[in-house]
Amino acid sequence: MAATLHDVARLAGVSIKTVSNVINDYPHIRPTTKERVEAAIAELGYTPNLTARSLRSGRTGSIALAVPDLALAYFAELAASVIAAAEASGFVVTIEQTGSGGRQRELDLLTSPRRKMSDGLIFSPLEMSQDDVAHLDVDYPLVLLGERIFEGPTDHLTMRNVEAARAATEYLIDSGRRRIAIVGAHEGELIGSAALRLQGYREALEARGIPFDGRLIGGSIEWHRANGARSMREIIERGVGFDAVFALNDTLAFGAMRALQEAGLRVPDDVAVMGFDDIDEARYSIPSLTTVDPGRAWIARTAVSAVIERIEGLGAPPRLLLADFEIVQRESAPAVAR
């Protein structure tokens with residue numbers, strides 16, 4: 001038979017209430033008492049009744065994570081990191097994809113009755129805009145990710161997109177490259193990952209006295225491998241010379257490298273390639289991909305910590321939290337041009 005709360009209390013030599021306080025992480029417990037209870041839990045293999053605990057506390061013990069598309073490796077790896085961080089704090093994670101539902105799907109998600117099935121939401125919208133900031137004023141703990149909405153009523157975690165893209169472009173320039181193509185731009189976008197990364201690229205060119213050439217900009221609304229390959233082929237077909245490519249995410253970079261190789265261009269000898277996101281596959285592609293690590297692991301851990309703080313009722317003004325980044329040098333763009 002499964003061990004009970006009574007069994008744990010009897011083995012540890014404490015009251016049932018003390019065992020309950022340890023399980024619920026009550027702060028005012030003597031360390032020696034806590035150690036005895038935890039040892040008894042481990043010895044008996046006791047598992048708390050989460051359903052009963054939820055009924056008593058009014059909480060579900062779960063956090064919802066909403067992302068655009070788990071087919072994109074960045075979001076899949078972000079989700080894995082969120083799950084690990086949440087489990088370490090005693091929470092489970094439910095995941096929802098906004099997918100192809102567009103802006104309305106994202107708005108509906110914020111007001112869905114399913115929100116009552118979790119204690120808080122970590123939300124990464126893709127179709128909402130700054131005009132939708134009022135929709136983030138909800139009555140449950142919410143942490144916002146991404147670059148679609150700023151200065152909202154929630155904690156907001158995001159990357160240093162402009163600074164990171166500028167550093168990536170400067171890295172390519174310092175390695176001897178001067179004609180740097182872009183893959184993944186969103187025409188007309190003012191706020192969003194693509195717009196901010198393109199801004200960083202342009203700032204780097206201007207700072208180094210390199211003229212901006214619109215013929216080197218390849219557009220792609222979606223950021224999958226096929227889009228990277230198509231965008232790269234379009235730039236090649238324009239007949240404009242280039243010696244480097246900055247793909248606005250890693251999966252675009254993989255597609256771009258395929259198109260370059262099909263065109264008989266060697267990476268990195270003829271064309272250096274830089275990605276963005278540092279997904280796991282970047283280590284194993286041939287050649288391995290030089291890329292920007294935008295702080296995804298930190299974002300996941302901090303998002304979980306922030307939403308739990310709100311769940312616990314720790315009041316504080318909404319915060320903008322920015323992740324640090326680094327350039328990860330690999331084979332596709334060595335520090336010195338070959």
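R330 is buried, its relative accessible area being 14%, where buried denotes under 20% relative accessible area, exposed over 50% and partly exposed the range in between (1.4 Å probe, protein chains only). The side chain of R330 meets that of D278 in a salt bridge, with 3.0 Å from N to O; a salt bridge is defined as a side-chain nitrogen of Lys or Arg within 4 Å of a carboxyl oxygen of Asp or Glu. This pair links distant parts of the chain, since R330 lies in the segment after β12 (326-328) and D278 in the loop between β9 (272-274) and β10 (291-293), 52 residues apart. D278 is also buried, at a relative accessible area of 11%.

The model is predicted: local features need pLDDT of at least 70, side-chain atom pairs count only at pLDDT 80 or more, and totals for chains, interfaces and linings use all residues. Residues are numbered from 1 along each chain as its sequence is written, and side-chain values use heavy atoms, with hydrogens and water left out.

The protein contains eleven helices and twelve strands. Helices (H or I, at least four residues) and strands (E, at least two) are DSSP runs, numbered from the N terminus. Along the principal axes, the C-alpha atoms fill a box of roughly 80 × 40 × 35 Å. Of the 338 residues in the protein, 50% are buried. Among contacts between residues at least 6 apart in sequence, 68% join residues at least 24 apart, a contact being heavy atoms within 4.5 Å.

Six strands form an open sheet with parallel pairing, in the order β2-β1-β3-β4-β5-β11. Two strands are taken to pair if DSSP finds at least two bridges between them. Strands β5 and β11 run parallel and are joined by three bridges. In this pairing, H156 stands opposite L320 in β11.

The salt bridges were then examined. Their count comes to 23. One of them joins R319 and D155, whose closest N and O atoms are 2.8 Å apart. R319 lies in the loop between α11 (296-311) and β11 (320-322), and D155 in strand β5 (residues 155-158), so the pair ties together parts that are 164 residues apart in sequence. R319 is partly exposed, with a relative accessible area of 27%, whereas D155 is buried at 2%. A further salt bridge connects the side chains of E234 and R230, at 2.9 Å from N to O. These two residues are four apart in helix α9 (residues 225-237), and about one helical turn separates them. E234 is partly exposed, with a relative accessible area of 32%, and R230 is partly exposed at 33%.

Helix packing is illustrated by α2 and α3. Two packed helices are described by the angle between their axes and the distance between the axes. The axes of helix α2 (residues 16-23) and helix α3 (residues 31-44) come within 10 Å and cross at roughly 90°. Helix α2 is therefore roughly perpendicular to α3, as angles of 65 to 115 degrees count as roughly perpendicular, under 35 as roughly parallel, over 145 as roughly antiparallel and the rest as oblique. Axes are lines fitted to C-alpha atoms, for helices over the stretch in contact, and angles run from 0 to 180 degrees between N-to-C directions. In α2, the residues T18, V19, V22 and I23 meet T33, K34, V37, E38 and I41 of α3. The residues of this contact divide into five nonpolar, two polar and two charged.

Backbone geometry was also considered. Most residues other than glycine have a negative phi, and most peptide bonds are trans. The peptide bond from V267 to P268 is cis, with omega near 10°, and P268 is found in the loop between α10 (250-262) and β9. I286 and P287 are also joined by a cis peptide bond, with omega about -5°. P287 is located in the loop between β9 and β10. D277 is found in the loop between β9 and β10 and has a positive phi near 130°; D277 is buried, with a relative accessible area of 6%. D278, the partner of R330 in a salt bridge, has a positive phi of about 55° although it is not a glycine.

Definitions and conventions. Nonpolar A, V, L, I, M, F, W, Y, C, P; charged D, E, K, R; others polar.
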